[in-house]
Structures are given as C-alpha cells and as structure tokens.
Amino acid sequence: MSAPPRELRVDGLSHAFGRDEVLAGIGFRLPAGEVAALVGPSGCGKTTLLHLAAGLLTVQQGRVSNTFATTAFMFQQPRLLPWQSALDNIALGLKAAGMKCDERHYRAHDIALRLGLAHRDLDKFPHQLSGGMQSRVALARALVLAPDLLLLDEPFSALDVGLKEELYRLLLDHQADREMGVLMITHDLMEAVRLSDAILVMAPEPGRIVCRFELSVPAARRDDAWVYRHTAELLQTAAVRESFGLPPAMPGAGERGAEAPAPARPVSALRLVVPAEPVPAARGGSRCGG
Amino acid sequence: MRLLRAWAAGLPAYLWSGWGAIASLLLFFAAWEAVSLVYGPLVMPDPRSAFGTLLGLVESGAAWPELAATARRALTGYALSVAAGSLLGLLAGLSMTASMMSRPLVTVLMGTPPIAWLVLAMLWFGASDGTPVFTVFVAAFPVIFIGALQGTRTLDNQLRGMAEAFRLPPRMMFTDVYLPHVVSYLFPAWIAALGTSWKVVVMAELLATQDGVGAALAVSRSHLDTAATMAWIAAVVGLLLAVEYLVLEPIKREVERWREHGA
Amino acid sequence: MNVFDRLAAKPLFMCSFRPFFLVTAIYGVALLLGWLGFLAAGVGVPAVPGGPIVWHAHELVFGFGLAAVAGFVLTAVPEFTSTAAFGRRVTIAMLLLWAGARLAFWLSGAMGSMGEMLAALLNSGFMAALVVLVAPRLWHDPERRHLSFLWGLAAMWLAVTGFHADVLRGVYPMPWVLAGVGMMMVLIIVALSRVSMRIVNDALEAERLRRAAQYTDGRTGGLSRRPDEDDDELLDYRARPPRRNLAIFGVALYTAVALALPGSAISGWIALAAAAAVLNLLNDWHVGRALLSRWALMLYTVYWSMALGYALIGLSLLGVPVAPSAGLHLLTVGAMGVSIFGVLCIAGRTHAGYALDTRPWVQIAAVAIGVAALVRAASGLPGAAAAGLQAMSVVAWAIGYGLAAVFLGAVFVRARPDAGTGCEEVMEDVDAKA
C-alpha cells in the first residue's frame with residue numbers, strides 16, 4: 001500500500017476576476033524537497049496563483065491537488081496580529097490546530113530562538129519590534145507548523161541585504177532538514193537563483209508560465225559569484241526579457257543565452273526545460289527561447 | 001489574571017503620572033479663585049467655600065441619596081445603550097447595506113439635541129425614572145453604535161486572509177482577530193458615552209425629577225445658593241473624573257497596550 | 001610678573017568654578033554662623049536696610065546662591081555650547097565683583113544712601129555681567145538648546161535689581177528675595193536636567209553591570225536566571241522637556257503671582273500646582289534600583305524638597321495653620337542647599353580632573369543639609385519649639401557646608417591630577433594607556 005507521493009500538482013488552472021482573465025492554463029508539479037520560484041513582473045497573477053494553491057481562493061477552472069500533510073503560508077507583509085505578543089503570534093497556527101497552551105508556547109519559543117529572536121522580544125508586541133524582527137516572527141509562525149509545503153509571497157522583498165541573506169540561510173537549513181517543498185513568489189531574479197531548484201517564469205496578460213529553468217547545483221553550495229553569474233545568464237534569455245518587458249538582448253548576447261552558453265564561460269548549471277504542459281494558445285503567447 | 005497583574009504592576013507609575021493632571025487642575029482652581037475674587041462670592045464662590053459646602057453635604061449625609069439616584073439613572077441608561085449600541089453596531093457593520101442605511105439615521109440621532117429628547121421623554125414618561133433613563137439612552141446610543149460600526153467596518157482584510165491561511169477555526173477567528181480589533185474601537189466609544197450619560201442625566205433631572213443631583217441643583221438655583229451649586233457641580237465632575245481616570249483609563253491603557261507607539 | 005599675574009597663575013583660578021565654589025561653601029558656613037549669633041544673642045549681623053531677616057535672606061540667595069550659580073554657569077555654558085572656557089582674568093574680575101557686592105551690601109547700613117547706591121550697582125552689575133558673559137554663547141548655539149539658562153539668569157538679574165531698587169525707594173524689599181528664590185528653583189530645575197542625564201544614566205549603567213555580574217555568578221552557581229529573562233529592561237533615563245517645562249511654568253507663575261499679589265489664595269493654588277508639577281517631573285526619575293545610588297538619590301531629594309516646599313507654601317496661603325517660612329525653607333535650605341552641594345561635588349570634582357567622591361563624608365554632609373531643611377521646616381509647624389529647632393538647623397547646615405569647604409576646597413586649590421590644563425573632565429591617564 002503506497003501513499004500517493006507528497007506533491008503539489010496544478011493542472012490547467014485558469015482564473016478570472018470578473019471579466020479580467022488573470023491566469024490561463026497554468027500547470028506545474030512541485031514534489032517534496034523541491035524549492036520552486038515563480039518569477040514574473042508585477043501584476044502577472046503570481047499572488048493569485050499562490051492563493052489558489054493555498055486554497056485561499058476558490059478554483060474556478062482546472063485542478064489544484066495538494067497531497068502535502070501540512071501547508072504554511074508566509075505573506076509579503078508580516079501580517080502579525082498587533083494585539084498579541086510575538087510568542088502568541090508565532091503559536092497562532094498551533095493554537096488553531098488545537099494544541100495545548102504550554103506545548104505550543106514551548107515550540108514557538110524553540111523555533112523563535114533558532115530564528116534569532118531573543119527571549120525578551122517574545123513578550124513584545126509587533127509594533128515594538130523592528131521590521132526585520134517582525135519578518136522573523138512571521139517566518140517562525142510559518143515554520144513552527146513543521147509544514148511539508150511552504151508558500152512564500154515575496155516575504156523578503158522589504159528587507160535589507162544582510163537580513164535577507166540570514167533569513168535565506170535559516171530557511172534553506174530548515175528546508176533541507178525536513179524535505180520541505182517550497183513554492184515562492186518573487187520578482188527578484190537573484191533571489192530565485194539563490195534559493196530555488198526550479199524557476200517558473202511567468203508572463204502577464206493573462207498570467208501564464210512561459211518556461212521553466214532547473215538549477216542543478218544544490219542551494220547550499222551556491223556562492224555569491226555563482227548567483228551573480230547565473231542571474232545574469234537568466235536575465236539574458238529571451239523569455240525572461242520579454243516577460244519583464246525588457247528590450248531584446250544585444251545581438252550576440254542573446255545567442256549565448258541559456259541554450260548556448262559561450263564556450264569561454266564555465267559550464268552553466270542553468271538548464272532550460274520547455275514546459276511539459278502545452279501552453280494554451282493565449283493571445284500572442286510567445287514561446288521560450290523565442 | 002495576567003491582565004490584572006500587569007494592571008497592578010503599572011498602577012504606581014500610572015498614578016504618579018497623574019501629578020501632571022493634578023497640576024493643571026490646581027491651576028484651574030487658581031483661575032476660579034481669581035474669578036471669584038473679581039466678581040464676588042455671590043456670582044462665583046471661591047473653590048474653598050464650594051468644597052467646604054460639598055464636604056458639609058457629604059458629612060451630613062445629604063449628598064449620598066441624590067448621587068445614588070443620579071448614578072442609578074445614568075448607569076441604567078448607559079447600560080442599555082452599551083448593550084443595544086454595541087450589538088446593533090456590530091450587526092450593522094457586518095453588512096455593507098446595513099451600514100450605509102444606518103449612517104444617516106445615526107446622524108439624525110446625534111444631531112437632535114438632548115434637550116429635545118428630554119421634552120419628548122417628559123411627554124412619554126412623565127416624572128418617573130423613565131425620563132432621564134431614556135434621555136441618557138438616546139444620547140449615548142449613537143456614540144456607541146458608531147464605534148461598533150466602525151470597528152466592524154475597518155476589519156483588516158490582510159489579517160483575515162492570514163487567519164484563513166493559518167486555518168483559524170471560527171471561534172478563534174472571533175476571539176483572536178475580530179474581537180480585539182472591535183474592542184479597540186468600542187472601548188473609547190464606551191468611555192465617551194459614559195461622560196455623555198453623566199452630563200445628560202443631570203440635565204434631565206434638573207427639569208424632570210424631584211430627586212437626584214439635577215433636582216438638587218434646581219433647588220440651590222431657586223435659593224440663589226451659588227456655593228451649593230458649585231458644590232454639586234464639583235461632586236458631579238469629580239465623580240466623573242475619578243471613574244474615568246482611576247478605573248476606565250488604566251483598563252484602556254492595559255487593553256490597548258499593543259497600540260502604543262514608541263515604547 | 002606682577003602680583004595679579006602671579007595670583008592668576010594659581011591652580012585656584014584654573015577654571016571659573018574653582019574660586020566660586022570655594023567661596024560658596026565658606027560663605028555658606030560663615031553666613032549661618034553669623035545668623036546663629038543673631039538668633040542666640042542678637043549679634044553678628046550688620047545693620048542693613050530692611051533689618052536682619054533681609055540681610056539673612058539677601059545674602060543666602062543673592063550672595064551664597066549666586067556664587068554657586070556663577071561658578072556653575074561660567075563653567076557649564078562653554079561646555080554646553082562647545083566654546084572656549086572663560087579665562088582666568090574673567091574669573092578673577094567676576095570674583096572681585098561678587099566680593100565687592102557682598103562688602104557693599106554688608107556696609108550699606110553703615111554708609112547710608114551712598115552705600116545703598118554702591119550695593120545696588122555692584123549687586124545688579126554682578127548679575128548683569130554674568131548675563132552679558134554667557135548670553136552670546138547661548139544665543140549663537142546652533143539649536144539654542146540652553147536658552148532656558150539665559151531666561152533664568154535674566155529673571156534673576158531682574159530680582160536682584162528689583163530688590164535694590166526697592167531699597168533705594170525706601171520700600172521693604174523682601175518680595176524680591178522671594179522672587180529670587182523662585183528663579184533659583186527654575187535654574188535648579190534647568191541645571192539638574194543636564195546634570196541628571198549623566199548621573200542617572202551612570203547609575204543605570206552600574207545597575208546593568210550589577211545585573212550582568214549577578215547573571216554570571218548565578219550561572220556558575222547553577223542558577224538558571226538569565227538577564228534577558230528580566231521583563232523590565234533598563235531603559236536609558238531621559239529628562240523630558242514637556243514635564244520640565246510644566247514644572248518651570250508652575251514655579252515661574254507662582255513666583256510672578258506671589259510678587260504681584262502677596263499672600264493671596266490665588267497664589268496658594270498656584271503653589272500647590274507648582275508642587276504637583278515638580279512631583280510630575282519625578283515620573284522620569286522612577287528608574288528602579290538605580291535611583292538609590294548616592295548621587296541620583298541626592299538630586300532626587302532636591303525635587304522632593306522643592307515639591308514639599310511649594311505644597312507647604314500653598315497650604316499656608318490657603319489658610320492651613322503652617323508658618324509660610326516652613327515651606328520657604330524647604331525650598332532654600334532643602335532644594336537650594338542640597339542641589340548646590342550636589343553640584344559642588346559633581347561638577348566641582350569632574351571638572352577638576354577627579355572621579356566622583358566615594359568617601360563617606362559626602363553622605364554625612366548631604367544628610368546634614370537635608371536634616372537642616374527638615375528641622376527648619378518643622379520649626380514652622382504649629383506648636384513646635386521654634387528657637388531650638390532653628391538653632392539645630394543652623395548647626396546641621398554649618399556641618400554640611402563645613403565638610404564641603406574642607407574636602408572640596410582641597411580639590412579646588414590643588415593642581416589637576418591629570419594632564420588637563422583648565423575645565424576639562426577627567427582625562428585618561430596617558431601613562432596608564434601607554
């Protein structure tokens with residue numbers, strides 16, 4: 001008797017707000033232990049897709065199947081309850097699951113310390129904490145649930161470089177320990193290259209996945225130089241440029257995009273995968289690699 | 001329990017911070033003294049004789065029955081308006097249509113002067129307790145209703161989304177998300193309404209009843225006894241100040257500690 | 001090198017506060033011993049216009065008090081405004097002006113109207129010179145953060161001048177001394193807000209170190225108490241302007257109204273308001289255990305004396321049977337006496353290159369001055385043995401300031417123990433560093 005594999009599977013997902021078609025024919029699969037990044041410009045339906053995946057919106061067309069045992073969500077803003085202490089905020093999901101007060105405080109305390117919060121911060125109200133501390137609390141609130149799937153909605157976009165780097169590390173440690181699946185939204189290509197195993201590039205109007213990249217080097221082994229190089233490479237691909245509304249890359253530069261790295265360079269770990277699911281013929285939809 | 005302990009721990013510092021308020025009250029007494037010095041004791045008795053008269057009233061036991069009657073009426077009307085205003089305001093806030101509909105009605109209620117309600121109440125209830133109680137209710141109700149309405153209307157969608165994402169059961173949704181937010185709007189409204197009740201009840205009594213502080217004021221007016229008038233005023237205002245600053249304000253501070261900015 | 005230059009080269013004139021603080025302590029003792037002689041035997045007080053009580057009040061406020069004010073202001077204003085210190089010549093000139101003013105007032109009874117005129121010129125001139133010396137620096141300071149000193153000093157000049165104008169007009173001049181007391185209270189509030197920032201925060205720092213040490217001990221002893229399990233973190237002390245301004249407003253308003261309408265119930269209420277406003281100021285001061293440290297507690301009692309003093313004055317004006325002088329002496333002997341002693345000890349030692357004094361004489365002297373204030377106030381309560389208590393108060397005061405004259409005088413006449421050449425605070429020992 002084998003349980004179905006733990007995965008998040010999205011098939012043929014379309015969504016409209018009123019007459020505005022926001023998403024069209026989205027399909028992907030996120031297995032356990034994989035970090036996938038959804039990148040795309042603002043307004044391409046990334047957040048809607050994430051909310052559909054989390055079950056915060058009702059699916060109109062298509063199918064979302066989530067066989068992970070527990071799912072946690074981390075929002076763009078910390079979204080802490082202002083009238084509860086940091087500790088109670090962290091324990092919120094555990095309380096919702098019906099855990100006893102002592103037990104949930106013990107766990108919340110434990111994870112908070114691991115995420116770099118101090119004892120005395122835990123009794124404070126959110127407004128008494130700095131932005132970085134609030135983000136830690138929000139991350140702790142998600143991770144304390146020991147989720148198998150973590151959905152991240154650009155949670156680090158407002159933080160400074162040092163803090164981002166620290167939270168990336170905390171997140172990756174946690175992810176590796178638990179074989180957690182992570183689906184994150186970002187418009188920051190470098191963040192995507194830094195953290196993810198797979199990058200799904202979205203294009204707007206309507207929101208759709210135009211291509212998928214896979215990164216073969218484990219996230220823990222990527223250094224800054226690696227991240228810079230592959231971010232630059234990603235930014236040269238025609239699909240990414242078109243998605244973000246950038247002018248086509250300079251002649252020559254475009255040729256040695258993802259498909260054909262220049263021989264002089266080290267071998268790229270970035271591999272383009274043309275989406276398995278066919279992108280439905282949306283208006284003027286262009287294909288990867290152009 | 002934790003709330004009570006925190007309240008007790010913060011009490012000395014809170015009471016000490018009252019010295020600033022006491023200082024400005026004392027400056028007010030100085031101004032009062034100056035006015036009585038200029039216009040003479042018939043127009044304005046000085047603070048000491050007003051307090052002396054009040055002390056006499058308290059010591060002779062004449063003050064308590066009047067104050068009790070006034071407090072009974074004020075609190076009855078206030079309790080009714082708290083119950084009705086909070087409940088109806090919350091319900092109206094839940095529906096966009098209901099809140100749209102209720103706003104003009106509340107404006108009418110607020111815009112009608114309490115004295116007009118008093119005249120109506122006298123026609124309806126005569127010289128019974130019903131007159132001041134009704135007037136207090138009508139004066140305090142819209143304040144609380146608006147507070148409850150705004151509290152419900154301004155619920156943060158982001159927090160609601162967060163709560164859904166963390167699968168909060170409906171009961172927790174109410175106790176952890178909705179209630180603290182709504183209370184933070186309701187509580188100031190309750191305090192404001194208490195002040196209104198206390199003022200309106202004295203006015204209603206002045207015209208409509210045979211006992212209570214308002215009636216005592218009417219008597220002292222007819223005797224041209226300004227010292228007694230000031231004594232009653234001091235009693236009414238003093239009681240309100242005491243209730244507000246010794247009871248309600250500390251509770252409010254504790255309940256809204258999460259709001260304070262720049263700790 | 002002439003005599004003047006040789007005199008000016010002495011360490012006593014290295015910085016303005018040195019001679020002024022020295023004469024403050026000595027003059028404080030001398031005045032009260034003279035007063036004791038008058039109380040006991042009716043001798044020891046020169047005949048001045050207005051009589052012995054006017055002499056006692058004028059010399060303690062405008063002589064003793066203003067010497068301390070001059071010493072503090074001439075040292076602190078250059079430091080606050082980051083300007084050069086006043087030179088030795090300025091110091092000596094101001095000291096001579098002060099001494100001349102004292103002499104002229106002492107002799108003003110004997111010399112007749114000429115003497116009164118001279119006393120007026122010198123006393124008013126001394127205060128005017130002080131204002132003129134510090135005004136440009138306070139005014140040109142970029143944020144003008146210390147202007148309150150200027151207004152306080154200018155008002156003090158007004159009180160001194162008003163006093164002597166009334167003497168020349170032949171009017172009883174005592175109300176102006178009382179106004180001077182009010183201005184002294186304002187100056188004390190302003191000055192202590194600066195001094196306390198340092199003293200209280202030092203005490204808090206010591207308290208933090210103590211807690212940290214306790215933590216280390218606890219850990220080695222197997223206790224699991226950690227410093228960060230303490231709910232109440234020790235926040236820095238800030239002397240917040242709004243509360244200070246309310247206190248200054250209360251005191252200044254009382255002073256003005258008491259001058260305009262002596263003895264009225266209006267000023268009684270305002271005096272009570274001033275007392276409440278001063279107590280309100282203490283909100284900033286309630287920082288826990290650190291308050292119990294020597295210097296913080298000394299400054300803290302200054303505010304309490306001030307508040308109780310104004311409260312007693314207010315009650316007396318509103319008809320409670322307390323002698324008006326009881327409250328007044330809590331202001332002068334208590335608030336002024338203790339704060340001047342504190343400033344002598346703190347500013348006097350740090351600007352002479354010494355660390356704060358940890359010897360027990362400081363406590364003895366401070367307690368003596370505090371006792372002097374309480375005993376003097378108690379003598380004004382109904383049914384008290386006034387004469388005996390007043391004599392006791394004088395003796396306690398003389399002990400307090402006598403100790404100050406001996407122990408601090410030794411510091412003021414000596415060269416600095418470090419490499420400093422003027423008013424600098426304690427400097428790091430160059431040898432120890434190398």
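**Chain C against chain B**

I began with the contact between chains C and B, which takes 16 residues from each of the two chains; residues touch here if their C-beta atoms, placed from the backbone, lie within 7 Å. This is a predicted model, where local features need pLDDT of at least 70, side-chain atom pairs count only at pLDDT 80 or more, and totals for chains, interfaces and linings use all residues. Residues are numbered from 1 along each chain as its sequence is written, while chains are lettered from A and ligands numbered from 1 in the order in which they are written.

On the chain C side, helices H7 (241–260) and H8 (265–281) each supply at least two residues. H8(C) gives the most, with 10 residues. Helices are DSSP runs (H or I, at least four residues), numbered from the N terminus.

I sorted that side of chain C by class and got 11 nonpolar, four polar and one charged. Nonpolar covers Ala, Val, Leu, Ile, Met, Phe, Trp, Tyr, Cys and Pro; charged covers Asp, Glu, Lys and Arg; the others, Gly among them, are polar.

**H3 and H4 of chain C**

Next I looked at H3(C) (52–80) and H4(C) (88–140), whose axes lie 9 Å apart at an angle of about 20 degrees. Axes are lines fitted to C-alpha atoms over the stretch in contact, with angles running from 0 to 180 degrees between N-to-C directions. That angle makes H3(C) roughly parallel to H4(C), a label for angles under 35 degrees.

Their contact has 15 nonpolar, four polar and two charged residues. C:Phe62 and C:Leu66 are among the H3(C) residues, and C:Trp98 and C:Phe105 among those of H4(C).

Terms used. Angles under 35 degrees count as roughly parallel, over 145 as roughly antiparallel, 65 to 115 as roughly perpendicular and the rest as oblique.
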